[in-house]
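Here is a short note for someone opening this model for the first time. Please keep the structure in view while reading the points.

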Amino acid sequence: MINIAVLGYGTVGSGVVEVIRTNHETIGKRAGEEIRIKYVLDLREFPGDPVEEILVHDYETIVQDPEVDIVVEVMGGLEPAHTFVKRALLAGKHVCTSNKALVAKYGPELMEIAREKSINFLFEASCGGGIPIIRAINGSLTADEIDEVTGILNGTTNYMMYRMDTEGCDFDDVLKEAQEKGYAEKDPTADVEGYDACRKIAILSSLAYGKFLDYEDIYTEGITKITPEDMEYARTLGRTIKLLGTSRKEQNRVYAMVAPFLLGKENPLYSVNGVFNSVFVHGNMLGDAMFYGSGAGKLPTASAVVADVIDAARHLHKTVMTNWNNEKMSLMPQDEITGRFFVRVKEDQAQPETVTSVLGDGEIVRVEQLGGEFGFVTHDMTQGEYQKKAEKLGSAIITMIRVKD
């Protein structure tokens, strides 16, 4: 029998308990031994809930118990999660977590402890909820040199952008709706400013390229400045706007960013709508692959956590290798990244021929109901080149959104 302890009985923690109890027999067969939840740690009481029988309030009960083989951390946040996880690993206990903030900041340290102890620190549920993207990168794609990872990594912002696109809602209204539906937190900053997606693309890039990408080094831009007018231009161009976390390896140099992008219908991420997530991966042998599914939610996330529990149970005395070492990854300067840019321009400050003379050849776009302005899509140029040219147009530029083909 393999004993586990669950740290946190919130949405995901209660989901982990539910998954294990519902699929107990199947999980035991796949793990090779029966999985038993010995403890659930939480500060709260849950009167009438069967979890009362195994509920504890003191972490010492868990970390000091030699019968606990696997610790499941689903508390979220950095502390006390980091302290609890580190102590569990030092005590020789495997750890499975859904905590993206923890993995993004302390992943190298915690994986190194796990390697030294011949145990595992697993975090499938930290990126994409129930989408098995980490296991795919660690296992199925190990014969490939991965050169791009791009994803819709936050269901809240994807839902909001979809509603703005299809219903013409403005940002504040659709945010309020997302909060009422439970898709957005009371404080939505991590979602709408792109911080959540930033941590996830940092984790996925670290696994894909084999070095530690510090999320604090990634240029991050959220969706708070996207307007219904931007969406009108996108529709006129036959495109939509999505918040993407993206990284790419070019001649042994890597760039990464989180930002809104204009996507065309030929892009596989174009049709990923609502609260769903999707991750696109390109390998030098495989070519294109895309992983799609529920990026959050109680049971999809819990399912991914329990899959890690099963993996840890199968490798009780052996570390599952990952393509991620502690050497820090250096990113290309933002100014050297090449792409196309969509800009909205005030017509009373710059005529189309003026914009063309400054930004070069491109596509003029007009939306009938938006008088006094026009849109312009540039040709390929580096971001540094764009910035220098855009400075010449000054306040004539209303906004800029990157284009991804």
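Is the crossing of α13 and α14 left-handed or right-handed? The points below start there.

1. The crossing of α13 and α14 is right-handed. Bear in mind that this is a predicted model. Helix α13 covers residues 352-359, and helix α14 covers residues 383-393. Their axes come within 9 Å and cross at roughly 150°.

2. Look next at the residues that make this contact. From α13 come T354, V355, V358 and L359. From α14 come Y386, K389, A390, K392 and L393. By type, six are nonpolar, one is polar and two are charged.

3. Now the nonpolar cores. The largest nonpolar core holds 84 residues. Within this core, I62, F121 and I133 touch the most other members. Helix α10 gives the most to the core, with nine residues. A second, separate core has 32 residues, including V12, V16, I27 and A304.

4. I62 deserves a look of its own. Leaving aside neighbours within four places in sequence, I62 is in contact with A5, L7, Y39, L41, V56, V68, V71 and K93.

5. Turn to D196, found in helix α10 (residues 195-209). D196 counts as buried because its relative accessibility is 7%, under the 20% cut-off. Beyond its neighbours within four places in sequence, D196 is in contact with K100, L153, N154, A190 and D191. The side chains of D196 and K100 are joined by a polar contact of 3.2 Å.

6. D196 and E33 are 163 residues apart along the chain, and 36 Å separates their C-alpha atoms.

Notes: Residues numbered from 1 in each chain as written. Predicted model: local features only at pLDDT ≥ 70, side-chain atom pairs only at ≥ 80, totals over all residues. Heavy atoms only, no water. Helix = DSSP H or I, 4+ residues; strand = E, 2+ residues; numbered from the N terminus. Buried < 20%, exposed > 50% of the residue type's maximum accessible area, 1.4 Å probe, protein only. Contact = heavy atoms within 4.5 Å. Polar contact = N/O pair within 3.5 Å; in protein donor to acceptor, adjacent residues only side chain to side chain. Axes fitted to C-alpha atoms, helices over the stretch in contact; angles between N-to-C directions. Left-handed = near helix turned anticlockwise from the far one by under 90°. Nonpolar A, V, L, I, M, F, W, Y, C, P; charged D, E, K, R; others polar. Core = buried A, V, L, I, M, F, W, Y, C linked by side-chain atoms within 4.5 Å.
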